[in-house]
Amino acid sequence: MQTRPNINTMPFVVSAGRRIHYEISGEGPDLFLHHGFTSSSQAWRFFGFTEVLQKHYRVIALDALGHGLSDKPRETAAYTLQQRSQDVLAILDALKINQVNYCGYSLGGWVGYGLMRHARDRLQSLILGAAHPYADASWDAFKGLDGTDAEAFIAAFEGVLNERISPEVKMMIRANDLPALAAAAQQPRVSMEELLPLIDMPCLMFCGDADARHAAIRRCAGLLPRAAFVSLPGVTHFGGLMQSKLVLPPMLDFLAAQTRT
């Protein structure tokens, strides 16, 4: 019988010489969770996802490079999409997981497309929140920022999202290592739409209809043969991960269908 790591052991893997933290909770089929930019693995707990999901799945949630308890290099070259994909694979390899149900929100969704490019055979299904594969020049707002000015960092992020950030979320953003995240934000978001014909596994996409990315994600889902799209009424980009009561029902239905197949 396989021994599964305890959440209290604070496990890490080393990927490209850097430590990547992750945590595990629950038992059952494996479900990998990847948070968004400026967030961490704890967001899934804080907003009520982990409490529900761990009743049915072995939930594996990482702190992406530059976030949480993972290492925080301050060189943009450390944060390529290929490297972020490798960080996920390092955890899967450490846990001897061949294929996984993958759920990524925002940055995590971008990494989901990266896994499609670099390790498609490791994905059983995809859940992608508030992320599309099209080129996104809005991240150019971070060019020239070194993270030492928190207000400039937040203003750039508001430009990327095309929405205002609440005072509560601003407080959480300021708690990050902003020089590391400013470096990460300067990785270009080039088009990956050539991957769309390759996404033949079951896929669930969701996005708030108050998120500037809503139309692009809905269009993207319509191009995939096995994709479903869920629109969250009145929900902004940041709100998409905060609204677990809206996201969990379709997410659980989708995952249950994968377990039955």
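**A buried helix and its surroundings**

Helix 7 is largely enclosed by the rest of the structure, because seven of its eight residues are buried (under 20% relative accessible area, 1.4 Å probe, protein chains only). Helices here are DSSP runs of H or I with at least four residues, strands are E runs of at least two, and both are numbered from the N terminus. This is a predicted model: local features need pLDDT of at least 70, side-chain atom pairs count only at pLDDT 80 or more, and totals for chains, interfaces and linings use all residues. Residues are numbered from 1 along each chain as its sequence is written, and side-chain values use heavy atoms, without hydrogens and water.

The buried residues of helix 7 are Leu178, Ala180, Leu181, Ala182, Ala183, Ala184 and Ala185. Their cover includes helix 3, helix 5 (150-161) and helix 6 (167-174).

Next comes the loop between helix 7 (178-185) and strand 7 (203-208), where glutamine 187 sits. Glutamine 187 counts as buried because its relative accessibility is 12%. Leaving aside residues up to four places away in sequence, glutamine 187 touches Thr76, Ala77, Tyr79, Thr80 and Trp110; contact means heavy atoms within 4.5 Å.

Trp110 also belongs to the meeting of helix 3 and helix 4. From helix 3, Leu81, Gln82, Arg84, Ser85, Val88 and Leu89 take part. Helix 4 brings Leu107, Trp110, Val111, Gly114, Leu115, His118 and Ala119. By class, this contact has eight nonpolar, four polar and one charged residues (nonpolar: Ala, Val, Leu, Ile, Met, Phe, Trp, Tyr, Cys and Pro; charged: Asp, Glu, Lys and Arg; polar: the others, Gly among them).

Technical notes. Buried < 20%, exposed > 50% of the residue type's maximum accessible area, 1.4 Å probe, protein only.
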